[in-house]
Amino acid sequence: SNAGTIAIESLNARDLYYVAATTGPSSLWRQRLTGGPPVKLLDGVLFGNFDLVERGIYFLDGISGEASRFFSDRPPDETRLRYFDFATQRTSTVARNLGWVSFGLSASRDGQTVFFSRIDSSVDELMVVDDFQ
């Protein structure tokens, strides 16, 4: 087996799905709970943002010419909500141009509603304090 994080058990309790890392784009893996080698299903899952539904997996990915390690770095040129269908083994794009995303994605079991965390504004301030006692 290989190391991973953000593990979710399948609804039928047969598999465990997990990402390799949450610090940027990562691969998503499936591990049978009865054993055997893990299987890589997807690449490019952003910050561990995925969830299982009855017939597939919703996840966030990004298209970028420049790799970034953390969400506070330069965002992808295009962030997308995508869907991986278990039956067809194909991935489709559900929504595009989502902006900066953070950690957190959840989908209703039937796949009709998907929630995710988006950063609309990120402000940092630098202050200088003189004569601090």
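Biologist: Where does glutamate 54 sit?
Modeller: Glutamate 54 is in the loop between S5 and S6. Keep in mind that this is a predicted model.

Biologist: Is glutamate 54 buried or exposed?
Modeller: Glutamate 54 is exposed, because its relative accessible area is 53% and the cut-off for exposed is over 50%.

Biologist: Which residues is glutamate 54 in contact with, leaving aside neighbours within four places in sequence?
Modeller: Those are Leu11, Phe86, Arg109 and Asp110. For aspartate 110, the C-alpha atom is separated from that of glutamate 54 by 6.1 Å, although the two residues are 56 apart along the chain.

Biologist: How many residues does the hairpin from S5 to S6 run through?
Modeller: Two residues join S5 to S6 in that hairpin. The strands themselves, S5 (residues 50–53) and S6 (residues 56–63), pair in the antiparallel sense over four bridges.

Biologist: Which residue in S6 is the bridge partner of leucine 52?
Modeller: Isoleucine 57 is the partner of leucine 52.

Biologist: And which S5 residues are buried on each side?
Modeller: Phe50 and Leu52 are buried on one side, and Asp51 and Val53 are buried on the other, so both faces of S5 are covered. In a regular strand, side chains alternate between the two faces of the sheet.

Biologist: Let's zoom out. How many helices and strands are in the chain?
Modeller: The chain has zero helices and 10 strands. It has 133 residues, and 34% of them count as buried.

Biologist: Now the open sheet. What's the strand order?
Modeller: The order is S1-S2-S3-S4, an open sheet of four strands with antiparallel pairing. Its edge strands are S1 (5–9) and S4 (39–46), each of which pairs on one side only. On average, neighbouring strands of this sheet are turned by 25° against each other, direction ignored.

Biologist: How many bridges are there between S1 and S2?
Modeller: Three, with S1 and S2 (residues 15–19) paired in the antiparallel sense. Threonine 5 stands opposite valine 19 in S2.

Biologist: Changing topic to charges: how many salt bridges does the structure hold?
Modeller: It holds five salt bridges. One of them is between aspartate 15 and arginine 32, with the closest N and O atoms 2.7 Å apart. Aspartate 15 is in strand S2 and arginine 32 in strand S3, 17 residues apart, and the pair links distant parts of the chain.

Biologist: Are those two buried or exposed?
Modeller: Aspartate 15 counts as buried at 4% relative accessibility, while arginine 32 counts as partly exposed at 36%.

Biologist: Which residue does arginine 82 meet in a salt bridge?
Modeller: Arginine 82 meets aspartate 61, at 3.4 Å from N to O. Arginine 82 lies in strand S7 (residues 78–85) and aspartate 61 in strand S6, so the pair ties together parts 21 residues apart in sequence. Arginine 82 counts as buried at 14% relative accessibility, and aspartate 61 is also buried, with a relative accessible area of 5%.

Biologist: And what does glutamate 78 form a salt bridge with?
Modeller: Its partner is arginine 96, the closest N and O atoms being 3.1 Å apart. Glutamate 78 is in strand S7, while arginine 96 is in the loop between strand S8 (90–95) and strand S9 (100–107), so parts 18 residues apart in sequence are tied together. Glutamate 78 counts as buried at 15% relative accessibility, whereas arginine 96 is partly exposed, with a relative accessible area of 48%.

Conventions: Residues numbered from 1 in each chain as written. Predicted model: local features only at pLDDT ≥ 70, side-chain atom pairs only at ≥ 80, totals over all residues. Heavy atoms only, no water. Buried < 20%, exposed > 50% of the residue type's maximum accessible area, 1.4 Å probe, protein only. Pairing = 2+ DSSP bridges. Contact = heavy atoms within 4.5 Å. Axes fitted to C-alpha atoms, helices over the stretch in contact; angles between N-to-C directions. Salt bridge = Lys/Arg side-chain N within 4 Å of Asp/Glu carboxyl O.
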